Amino acid sequence: MRGLDLLRRYPLSVLFAAVGSLLLLFTVVVLFNMVFRQVVLRPEGLLEAVRDPTVIRSIGLTMYASLMATLIAVSLGTPLAYLLARHRFPGKSLAEALVDVPVVIPHSVAGIALYALFMRHGAVGRAFSRLGVVFEDSLWGVVVAMLFVSAPFYINAAREGFRGVDPRLERVARSLGAGQWTTFYRVTLPLSLRSLISGAVMSWARGISEFGAIIFLAYYPMVAPTLIYYRFTIHGLTGSQPVAVLLILLCLAIFLALRLYTRPRRGR
Amino acid sequence: MIVLEGVSLTLGSFQLRRISLRVERGEYFIVLGPTGAGKTLLLETIAGFHTPREGRILIDGVDMTYAPPEERGIGFVYQDYLLFPHLTVEENISFGLRARGLAEEEIRERVAQVMKSLGIPHLRGRYPSTLSGGEQQRVALARALAISPKVLLLDEPLSALDPQTRETLRRELRRVHESLGTTTIHVTHDRVEALTLGDRVAVLMGGEVVQVGAPEEVFERPGGVEVAEFLGVENILSGVVRANRGGIAVVETEGFQVTAISPIESGEVTLFIRPENIILSRSRLESSARNCVEGRVTEVTPLGPTVLVHLDNGLKASITRRSLEEMGLRPGRRVYAYFKATSVHVVPK
């Protein structure tokens with residue numbers, strides 16, 4: 001179909017495609033500009049970052065901490081998401097609003113709130129410090145801050161995944177003799193797995209990108225976003241950009257691999 | 001055997017109001033009702049998906065009102081089949097057997113047996129999304145029957161199928177029921193299904209069971225105007241009983257007199273006459289029919305292989321297209337409508 005025919009038949013869709021592309025272009029240009037400048041124009045800076053143990057340690061720490069935060073979000077968020085998707089109960093609207101609160105509040109505010117609670121003299125921090133777990137300037141502090149900001153991404157995706165499973169499938173399973181556990185394990189979970197994985201990936205990616213909430217509670221050990229900020233304040237773009245590009249490339253590679261792994265398969 | 005005693009429940013805009021039913025062991029019981037009558041809610045309540053606000057549900061004499069679905073021994077088939085999309089046909093059918101912890105050998109045997117009886121062994125390794133509607137329905141039925149349920153609940157099982165497949169599966173349902181003898185409750189809004197499959201029929205309207213009986217009885221003798229309208233009784237007339245001699249009532253309706261078999265001796269009544277029980281003729285006939293009403297054709301409505309002929313006296317007759325053509329009936333033509341006194345069902349107002 002020629003362009004003019006397309007415009008005549010679907011004027012609204014063509015307009016929407018043009019307008020929507022602007023936003024996509026904005027994202028692509030911002031990232032591509034930085035990656036292109038670094039990879040093509042200054043590859044030596046990128047290689048230096050790859051060889052820098054501080055950078056590698058920082059990126060590794062970021063991914064590891066975010067993975068831990070995601071595992072906690074999955075463990076605690078899956079039951080919550082299922083309840084929100086399947087049942088009506090008093091206070092459900094409030095619970096749904098609470099899930100989204102970390103998304104809407106400024107992350108510096110989240111950081112201060114977390115610091116007040118988890119610092120050594122905070123209500124939770126003091127209790128845990130007796131057990132030998134310290135949040136201030138520690139890996140646990142990073143995990144807690146990441147969990148706070150990233151959990152909503154998993155819970156919302158999981159809730160929508162569970163909602164997408166027809167509750168009558170669960171009823172049929174029950175009528176066939178499966179208890180609630182078996183039904184969840186053999187019907188609900190496999191059918192919503194793609195949403196759960198997708199939510200976990202989003203949650204993990206969100207954790208990796210967190211900076212605002214982390215620096216209040218755990219400036220050290222330095223996660224990648226903190227290191228990038230630190231190097232930017234000391235060395236400007238030259239010092240921070242290679243780390244940023246390396247982080248982007250690594251995240252993109254993992255993100256794409258997971259997307260490929262969880263894509264729909266034919267015949268089902 | 002399944003017994004419902006005064007079961008009431010409200011769920012959203014649907015409700016069940018004091019439903020009392022008794023379905024005998026091995027019976028094929030039809031629940032017939034219009035959309036929104038609460039048919040699916042009734043089945044889901046029997047299956048244990050909802051707890052009644054009041055009343056009891058007994059399965060084989062055991063009170064199962066509060067038992068979880070997995071303990072009721074019920075096979076449930078939904079209108080849209082609801083096969084597990086992530087499992088193959090074989091895995092779908094064996095689902096209930098695995099949930100019951102049966103040995104692998106026994107599972108294989110039972111699955112093979114039920115697949116064979118429904119003619120679907122060739123679908124074994126297929127996923128539901130690759131099956132036609134008729135195939136999916138067979139698999140859903142096989143899955144429900146594999147667990148040898150005490151009761152089989154069918155929620156409009158044929159309504160999503162094309163007419164040809166529907167007819168085939170209707171015969172299949174009858175055959176399976178005759179060979180296994182599973183107590184079956186089948187809900188539908190389709191009158192043909194009720195007539196051809198049911199040992200007995202309950203009419204459910206507005207969440208209430210308004211009539212229970214043999215299919216012919218329910219169709220020929222509806223209990224009220226609403227039921228009659230739903231069952232396709234096109235001739236619903238108001239009248240007054242003027243006389244009754246030995247059980248033969250003479251009823252004065254607007255425009256003509258009707259003779260009917262009824263014990264009612266006086267008072268206002270409603271008459272029901274099925275349109276297929278009215279014979280049309282261009283000339284006067286010598287007939288055993290006690291009623292003959294002259295009228296003029298006002299309209300002819302096609303209804304598939306038959307047509308509905310509307311007369312100016314308010315009667316409607318269902319005749320074949322061929323009869324219509326042979327008699328040359330069209331609006332304006334004068335005809336005589338004959339119907340027997342036994343074809344008129346009289347209920348007091």
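In which helix of chain A does A:Leu41 lie? A:Leu41 belongs to helix H2 of chain A, where helices (H or I, at least four residues) and strands (E, at least two) are DSSP runs numbered from the N terminus. Before we go on, a word on the ground rules: this is a predicted model, in which local features need pLDDT of at least 70 and side-chain atom pairs count only at pLDDT 80 or more, while totals for chains, interfaces and linings use all residues. Residues are numbered from 1 along each chain as its sequence is written, chains are lettered from A and ligands numbered from 1 in the order in which they are written, and side-chain values use heavy atoms, with hydrogens and water left out.

Let's stay with A:Leu41 for a moment. With a relative accessible area of 53%, A:Leu41 is exposed; buried means under 20% relative accessible area, exposed over 50%, and partly exposed in between (1.4 Å probe, protein chains only).

Stepping back to chain A as a whole, you will find 13 helices and zero strands. The C-alpha atoms of chain A fill a box of roughly 70 × 65 × 30 Å along the principal axes. Of the 268 residues in chain A, 40% are buried.

Now over to chain B, where helix H2 spans residues 89-99 and has B:Val89, B:Asn92, B:Ile93, B:Ser94, B:Phe95, B:Gly96 and B:Leu97 among its buried residues. Their cover includes helices H9 (167-175) and H10 (180-209) of chain A, along with helices H3 (104-117) and H4 (133-146) of chain B. B:Val89 counts as buried because its relative accessibility is 1%. Not counting residues up to four places away in sequence, B:Val89 touches B:Met115, B:Leu123, B:Arg124, B:Arg126, B:Leu131 and B:Val139, a contact being heavy atoms within 4.5 Å. B:Val89 and B:Gln136 are 47 residues apart in sequence and 8.9 Å apart in space, C-alpha to C-alpha. After H2(B) comes B:Gly101, with a positive phi near 75°.
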